[in-house]
Amino acid sequence: MSITRLADLADPDAAPLLVLKVGSALLFGSAGVPDRTWLGSLVAEIAAARARGQQVIVVSSGAIALGAARLRLERGGRGSLVDAQAAAAVGQIALAGLWSELLAGEGLIAAQLLLTLDDLEERRRYLNASATLGRLLNAGAVPVINENDSVATEEIRFGDNDRLAARVAQAAGGSAVVLLSDVDGLYDRAPSEPGAELLPRVEGVTEAVHAMASGASGSGLGSGGMTSKLLAAEIATRAGIALAIVNGKHAHPIGHAIGRDTGTLFLPTRRDRGRKAWLGGRQRMKGALVVDEGCAGALVKGGSLLASGVTTVEGLFRRGDPVGVRDEHGRPVAQGLVEYGSAEIERIMGRRSDEQAALLGYAPRAAVIHRDQLVLL
């Protein structure tokens with residue numbers, strides 16, 4: 001079965017593994033302290049999902065906010081990187097304890113995983129995380145995951161837990177991601193504008209869909225907004241994973257959204273698996289290649305990226321590194337693992353295969369990026 005409506009999120013056949021993302025604003029409400037009543041209602045929903053045969057992973061924000069309150073740091077612990085790291089180190093203990101206590105009250109075992117961007121960008125570490133998640137789920141635990149903000153710097157951060165949730169769903173083989181938000185879903189314009197309409201379903205996150213979003217986080221506590229949620233939807237739906245944005249401000253928020261059929265459901269656009277899913281979800285590239293119109297068209301049709309179609313090389317990278325591919329208008333086309341370093345591509349770009357051996361000093365490879373190592377965007 002596939003997920004085609006919000007009600008399918010409660011169907012163990014359609015959604016055997018759910019990833020729930022909970023943001024700081026929902027965890028703390030307006031009082032700035034953990035909203036245990038609301039959290040208790042969500043944990044009851046997690047227990048109900050488990051009882052009907054679904055597995056659940058929680059991606060939870062809140063460590064920095066909790067730690068900043070305990071350390072009495074200004075600006076909620078986000079005044080500087082070192083403040084955020086210190087706040088996270090203190091707050092993560094409290095956050096894990098909170099989830100462990102509430103889940104135990106429903107007879108469930110919590111497991112904590114702290115991840116950085118590199119844990120899901122580097123292939124071997126991604127596979128390790130995937131194996132750990134699988135073992136925890138099979139053992140009956142509820143993994144509670146957060147970004148490891150106590151050690152992450154700006155260069156190795158996801159920056160928001162929306163995309164982290166999508167990447168965790170990929171690694172765990174999830175069926176759906178549910179982003180609990182402070183709005184009902186994606187509107188065709190700012191929800192405050194007259195005539196704004198909620199979009200119940202979205203097939204494909206296009207430029208027009210991105211134009212509807214705002215990157216602002218209304219609460220001031222979180223790090224993302226609708227823009228980050230759309231980026232998460234792109235990652236998830238390419239891997240065959242549905243993603244829902246629902247209003248989390250109500251008690252029992254998932255049941256509330258399903259009962260009222262209110263939210264936005266992003267339907268899978270592809271079913272990339274394994275290495276392709278990992279490649280499609282990568283956020284950090286080592287460089288970029290600009291290709292001509294003919295090359296871009298060939299890639300869309302399933303071809304490999306050949307040197308003859310490359311017009312510009314950006315950045316320094318080595319063979320095997322991930323690079324982005326853009327057309328001559330700057331639009332992202334694909335990303336993949338290169339067969340040559342940047343200096344070699346600069347020598348052979350725009351040249352036919354029969355010219356490349358003399359320029360390289362060895363027999364050329366079949367492609368700059370083989371189609372098996374390339375994912376369209």
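In the predicted model, Arg75 lies in the loop between H3 and H4. Its phi is positive, at about 55 degrees, although Arg75 is not a glycine. With a relative accessibility of 66%, Arg75 counts as exposed. Arg72 is found in the loop between helix H3 (63-71) and helix H4 (81-104), and this non-glycine residue likewise has a positive phi, of about 60 degrees. The relative accessible area of Arg72 is 78%, so Arg72 is exposed. Most residues other than glycine have a negative phi.

Salt bridges were then examined. Side chains of opposite charge can pair when their charged atoms come close. The count for the model comes to 17 salt bridges. One of them joins the side chains of Glu121 and Arg167, with an N to O distance of 3.2 Å. This pair links distant parts of the chain, as Glu121 belongs to helix H5 (residues 117-121) and Arg167 to helix H7 (residues 161-172), 46 residues apart. Both partners fall under the 20% limit for burial: Glu121 is buried at a relative accessible area of 1%, and Arg167 is buried at 0%.

A salt bridge is also formed by Lys286 and Asp321, whose closest N and O atoms are 3.8 Å apart. Lys286 lies in the loop between helix H11 (274-281) and strand E9 (287-291), and Asp321 in the loop between strand E10 (310-314) and strand E11 (322-326), so this pair ties together parts that are 35 residues apart in sequence. The two partners fall into separate accessibility classes: Lys286 counts as partly exposed at 43%, whereas Asp321 counts as buried at 12%.

The side chains of Glu314 and Arg326 meet in a further salt bridge, with an N to O distance of 2.7 Å. Because Glu314 lies in strand E10 and Arg326 in strand E11, the pair ties together parts twelve residues apart in sequence. Glu314 is partly exposed, at 30% relative accessibility, and Arg326 is partly exposed, with a relative accessible area of 25%.

Helix packing is described for H2 and H10. The axes of helix H2 (residues 36-51) and helix H10 (residues 253-260) come within 8 Å and cross at roughly 70 degrees. Since angles of 65 to 115 degrees count as roughly perpendicular, H2 and H10 are therefore assigned to that class. On the H2 side, the contact is made by Trp38, Ser41, Leu42 and Glu45; on the H10 side, it is made by Pro253, Ile254 and Gly255. By class, this contact of H2 with H10 has four nonpolar, two polar and one charged residues.

Lys229 lies in helix H9 (residues 226-238) and is buried, at 7% relative accessibility. The side chain of Lys229 is joined to that of Asp162 by a polar contact of 3.4 Å. Apart from residues up to four places away in sequence, Lys229 touches Lys21, Asp162, Leu179, Ser181, Leu243 and Ile245.

Gly263 is found in the loop between H10 and strand E8 (264-267). At 3% relative accessibility, Gly263 counts as buried. Not counting residues up to four places away in sequence, Gly263 touches Leu6, Asp184, Leu198, Leu199, Pro200, Ile245 and Val246. Ile245 is also among the residues touched by Lys229. The C-alpha atoms of Gly263 and Gly281 are separated by 24 Å, with the two residues 18 places apart along the chain.

Gly324 lies in strand E11, the strand that also holds Arg326. Gly324 counts as buried at 13% relative accessibility, whereas Arg326 is partly exposed. Leaving aside neighbours within four places in sequence, Gly324 is in contact with Met285, Gly287, Ala288, Leu289, Ala334 and Gln335. Between the C-alpha atoms of Gly324 and Val168 the separation is 22 Å, and these residues are 156 residues apart along the chain.

Definitions and conventions:
Residues numbered from 1 in each chain as written. Predicted model: local features only at pLDDT ≥ 70, side-chain atom pairs only at ≥ 80, totals over all residues. Heavy atoms only, no water. Salt bridge = Lys/Arg side-chain N within 4 Å of Asp/Glu carboxyl O. Helix = DSSP H or I, 4+ residues; strand = E, 2+ residues; numbered from the N terminus. Buried < 20%, exposed > 50% of the residue type's maximum accessible area, 1.4 Å probe, protein only. Axes fitted to C-alpha atoms, helices over the stretch in contact; angles between N-to-C directions. Parallel < 35°, antiparallel > 145°, perpendicular 65-115°, else oblique. Contact = heavy atoms within 4.5 Å. Nonpolar A, V, L, I, M, F, W, Y, C, P; charged D, E, K, R; others polar. Polar contact = N/O pair within 3.5 Å; in protein donor to acceptor, adjacent residues only side chain to side chain.
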